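Hi everyone, thanks for coming.

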Amino acid sequence: MNTFVLVHGGGGGHRDFELLEPELRRLGHDVVAPDLPIDDPSAGFAEFTRTVLDAVGDRRDLVVVGHSYGGFTAPLVCARLPVRLLVFLAGMIPAPGEKPGDWWDNTGFEGPEGLDDAETFFTGVPADVAARALSYGRPQVSAEYAEPWPLDALPDVPTRVLLCRDDRFFPPDFQRRVARERLGVEPDEIDGAHCVPTSHPVELAERLVGYLS
């Protein structure tokens, strides 16, 4: 049995994974999905990392999954614990010393135009499911957005990048380019929206577990 450590994105929380978690458990694995202290104006990368470490406790055989903005925190966890795998899931891949607030311009990000949040993040998801997921959002007022990312390099652990083919927030071509520029890899692909733990939880669970084969 492995433990999947699920690190949520900006404005999110553990409920972002409420459909994915039971699928991972069904496949025989443990899950940890803490709420990062995004509502604390004094919390930065150190507090984010400590929150995840405390939630993991003494569990081992870890797979750390950083979804979207969680890509900034997930590698920090991998630098502190022995892990089997790091997965950037539609994830923001950080550069040493980069402030999250600078990532957007540094990567040439261009946001979607004319779409509401449901269309942007939950493409193809039934309206009631998308509305429920959006209701879980939390205000993000934490301090890490203006903090330089603290590692000199990404941790030396097996790493995969998994993009979502229907992602309107981080379109596939954008994710492929960033993965090539920052990691020198071609990302894997899965059907689904940016918030793929909601749009395709079964397929995502199977893909994540399949990485361990």
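Before we start, when I say contact, I mean heavy atoms within 4.5 Å. This is a predicted model, where local features need pLDDT of at least 70 and side-chain atom pairs count only at pLDDT 80 or more, while totals for chains, interfaces and linings use all residues. Residues are numbered from 1 along each chain as its sequence is written, and side-chain values use heavy atoms, with hydrogens and water left out.

Okay, helices. They're DSSP runs of H or I with at least four residues, strands are runs of E with at least two, and both are numbered from the N terminus. So who touches whom? From helix 4, W103, N106 and T107 meet F174, R177, V178 and R182 of helix 7. Sorted by type, that contact has three nonpolar, two polar and two charged residues. (Nonpolar is Ala, Val, Leu, Ile, Met, Phe, Trp, Tyr, Cys and Pro; charged is Asp, Glu, Lys and Arg; polar is the others, Gly among them.)

Now, rings. Phe, Tyr and Trp (its six-membered ring) pair if their centres lie within 6.5 Å; planes under 30 degrees apart are stacked, over 60 edge-to-face, the rest tilted. Searching the whole structure turns up 15 aromatic pairs. One of them, Y69 with Y145, is tilted, at 6.4 Å centre to centre and 45 degrees between the planes. Those two sit 76 residues apart, so the pair links distant parts of the chain.

Ring pairs also join W103, W104, F109, F121, F169, F170 and F174 into a cluster.
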